[in-house]
Amino acid sequence: MDWMAWTWPTAAFFGVIALLLITFTILAIRFPETPRVGVLRIETTRGDRLFITLLGSAFINLAWLGLLGANQPYALILCMLYAAAVFRWV
Amino acid sequence: MQKTPNQKAWFLVLPVLVLVAFSAVIPLMTVVNYAVQDTFGNNRFFWAGLTWFDDLLASDRMWNALGRQVAFSAIILAIEIPLGIFVALNMPKRGVWASVCLVLMALPLLIPFNVVGTIWQIFGRVDIGLLGYALSAAGIDYNYTQDAVDAWITVVVMDVWHWTSLVALLAYAGLQSIPGAYYQAARIDQASRWAVFRYIELPKMAGVLMIAILLRFMDSFMIYTEPFVVTGGGPGNATTFLSIDLVKMAMGQFDLGPAGAFSLMYFLVILAVSWAFYTVMVNLDKREG
């Protein structure tokens, strides 16, 4: 694994993503759901909302870095708010 | 019919999962690792945090390449989609000529990218190329190696030549699937040619056209070989699209960190746009079916 040049932060990052995927898989098996239509007027399941959350969070982080360029961890708070909004309304 | 749920079937997906892991997931993870580190070779890395992302977001280089890329994709989509529809509408619907047309249309799609590049590289040369020679003989000052506008025109025309048939073939397939009853009804109502196109053909083609737009957007957004062979990204940086710039950064300068950060942002944009297209496509199908 040496050639992959692992670091602790990146390992933690992928660990969190893997955990999220596993959690949502278990959730989908234990509590099956029907897709619903939200503000985007498209059918979404929990998995879709997770994808929208993660992708949007990446852009929120990039925008924070590009526009403010400091205190990156605070961007995560914004991402949390975004995640809550996505899971509530999308 | 009663179906018995059998979750063991998921194990049949394992080979694909392994393949995708090796061809996409693991390389992508490595790119993420590179993007937050610096290296001087010898596989020794130093933590750099978000420096590369910060640098790239603040520099003009990536934004300019992104601007050129978006302009290129927009231009070729604006030409290829209407042109492809137009060609499909005028292709014979049956008989020998339908087959002849289909084969002719498929020909450019079968030519490898670098060969297409070479063809146009020579075709456009002023000294030996048919196009370049004819244009200069006609008194038009054309030189794609020195004039940015000429280089753009050449690259755009090359892409149109290479890929319009894909749009045309998809649109043709969409047209062929429209039942004759629709046209009969339109004739009874004395609908104009435009009304037939607007209210029968276009809605029925919407699905395949979305696929065509998605495919052409993705391919043009990732284009590398053809402009690289024809212009090499020049003159200056005039036709340096995202992929060309990325390869320059990663392979030319061997700046693995910045190139990793660049790749990730490139990937995110493609992922977002593809997701949007895909979602629209799936929802179009649902509304129809």
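Predicted model: local features only at pLDDT ≥ 70, side-chain atom pairs only at ≥ 80, totals over all residues.

Student: Which spans of chain A does UniProt list as "transmembrane region"?
Tutor: The unreviewed UniProt entry lists residues 6–29, 50–67 and 73–89 of chain A under that name. Residues 73–89 of chain A are likewise 100% helix and 0% strand, with end C-alpha atoms 25 Å apart.

Student: How many helices and strands does chain A have, and in what order do the elements run?
Tutor: Chain A has 3 helices and 2 strands. Starting at the N terminus, the order is α-β-β-α-α.

Student: Is chain A compact or spread out?
Tutor: Chain A is more spread out than a compact globule, because its radius of gyration is 16 Å, well over the 12 Å that the globule rule gives for 90 residues. The C-alpha trace of chain A spans about 40 × 35 × 20 Å along its principal axes.

Student: Let us turn to helix packing. At what angle do α1(A) and α2(A) pack, and how far apart are their axes?
Tutor: Helix α1 of chain A, residues 8–30, packs against helix α2 of chain A, residues 46–67, at an angle of about 160 degrees, and their axes are 10 Å apart. Because of that angle, α1(A) is roughly antiparallel to α2(A).

Student: Is the crossing of α1(A) and α2(A) left-handed or right-handed?
Tutor: The crossing in which α1(A) passes α2(A) is right-handed.

Student: Which residues meet there, in α1(A) and in α2(A)?
Tutor: From α1(A), the residues are Leu20(A), Phe24(A), Leu27(A) and Ala28(A), and they meet Arg46(A), Gly47(A) and Leu50(A) from α2(A). By class, the contact of α1(A) with α2(A) comprises 5 nonpolar, 1 polar and 1 charged residues.

Student: Now the interface: how many residues of chain A and of chain B are in contact?
Tutor: On the chain A side there are 18 residues, in contact with 21 residues of chain B. The elements giving two or more residues to the chain A side are α1 and α2 of chain A. The largest share of that side, 6 residues, comes from α2(A).

Student: What classes of residue make up the side of chain A that touches chain B?
Tutor: That side has 12 nonpolar, 5 polar and 1 charged residues.

Student: How do α2(A) and α2(B) pack, in terms of angle and axes?
Tutor: Helix α2 of chain B covers residues 51–58, and α2(A) packs with α2(B) at an angle of about 70 degrees, with the axes 9 Å apart. The two helices, α2(A) and α2(B), are therefore roughly perpendicular to each other. The crossing of α2(A) with α2(B) is right-handed.

Student: Which residues make the contact of α2(A) with α2(B)?
Tutor: Leu62(A), Leu65(A) and Gly66(A) of α2(A) make the contact with Phe53(B), Asp54(B) and Leu57(B) of α2(B). That contact of α2(A) with α2(B) has 4 nonpolar, 1 polar and 1 charged residues.

Student: Moving to chain B, how many helices and strands are there?
Tutor: Chain B contains 12 helices and 2 strands. The C-alpha trace of chain B spans about 75 × 75 × 30 Å along its principal axes.

Student: Which residues of chain B carry the annotation "transmembrane region"?
Tutor: According to the unreviewed UniProt entry, they are residues 12–36, 70–89, 96–123, 151–175, 196–218 and 264–284 of chain B. Residues 151–175 of chain B are 100% helix and 0% strand, with end C-alpha atoms 35 Å apart. Residues 196–218 of chain B are also 100% helix and 0% strand, and their end C-alpha atoms are 31 Å apart.

Student: Which residues of chain B does UniProt list for "domain: ABC transmembrane type-1"?
Tutor: The unreviewed entry lists residues 66–277 of chain B for that domain. Over residues 66–277, chain B is 78% helix and 0% strand, and the end C-alpha atoms lie 19 Å apart.

Methods:
Residues numbered from 1 in each chain as written. Chains lettered and ligands numbered in written order. UniProt positions renumbered as here; feature names shortened; annotations may be inferred. Helix = DSSP H or I, 4+ residues; strand = E, 2+ residues; numbered from the N terminus. Axes fitted to C-alpha atoms, helices over the stretch in contact; angles between N-to-C directions. Parallel < 35°, antiparallel > 145°, perpendicular 65-115°, else oblique. Left-handed = near helix turned anticlockwise from the far one by under 90°. Contact = placed C-beta atoms within 7 Å. Nonpolar A, V, L, I, M, F, W, Y, C, P; charged D, E, K, R; others polar. Rg over C-alpha atoms; globule rule 2.2 N^0.38 Å.
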